[in-house]
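Please look through the sequence and the model below, and then follow the explanation with the structure open beside you.

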Amino acid sequence: MWTTQINRYIGRLTIVKATGLRQSNPYAVVQVSSNKPGSTVAFRTAVIKNSVSPEWHETFRFNVEDVRTSAATVTIYDHDLLSAHSTARFVGCTRACCASR
């Protein structure tokens, strides 16, 4: 007889604010991934217009199947409102491993 135990967690990540930015229309993209192919999920905050110290206070929830291999990457972009193609410029990023309490 085979027994399989699946431990799943609900992850929660809140994007609060950014400081010291040089671009003025920032937004954040959150990507949560694990070693499992096709397991990446992505979220995006709102664009905060004309701010170099944006505050989002946006919370994202996602499933975490394995806290040992899951990580979240938060990337900040500047949304170019003047461009006809609405392009985005990379501002910076950070990566954090998921952990259980």
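Y77 counts as partly exposed, because its relative accessibility is 25% and the class of partly exposed residues lies between buried (under 20% relative accessible area) and exposed (over 50%), as judged with a 1.4 Å probe and protein chains only. This is a predicted model, in which local features need pLDDT of at least 70 and side-chain atom pairs count only at pLDDT 80 or more, while totals for chains, interfaces and linings use all residues. Residues are numbered from 1 along each chain as its sequence is written, and side-chain values use heavy atoms, with hydrogens and water left out.

Y77 lies in strand β5, which covers residues 71-79 and has eight of its nine residues buried, so that this strand is largely enclosed by the rest of the structure. The protein as a whole has six strands and zero helices, where strands are DSSP runs of E with at least two residues, helices are runs of H or I with at least four, and both are numbered from the N terminus. Of the 101 residues of the protein, 33% count as buried.

Which strands does β5 pair with? Strand β2, residues 26-33, pairs with β5 in the antiparallel sense over eight bridges, and strand β6, residues 88-97, is joined to β5 by nine bridges and also runs antiparallel to it; two strands are said to pair if DSSP finds at least two bridges between them. Within these pairings, Y27 has Y77 in β5 as its bridge partner, whereas H79 has A88 in β6 as its partner.

The rings of some of these residues also come together. Rings of Phe, Tyr and Trp (its six-membered ring) pair if their centres lie within 6.5 Å, and the planes are called stacked under 30 degrees apart, edge-to-face over 60 and tilted for the rest. By this rule there are four aromatic pairs, and one of them is the edge-to-face pair of Y77 and F90, with 6.4 Å from centre to centre and 75 degrees between the planes. This pair links distant parts of the chain, since Y77 belongs to strand β5 and F90 to strand β6, 13 residues apart. F90 is exposed, with a relative accessible area of 52%.

Y27, Y77 and F90 together form one aromatic cluster. The charged end of R44 sits over the ring of Y27, 3.9 Å from its centre, a description that applies if NZ of Lys or CZ of Arg is within 6 Å of the ring centre and within 35 degrees of the ring normal.
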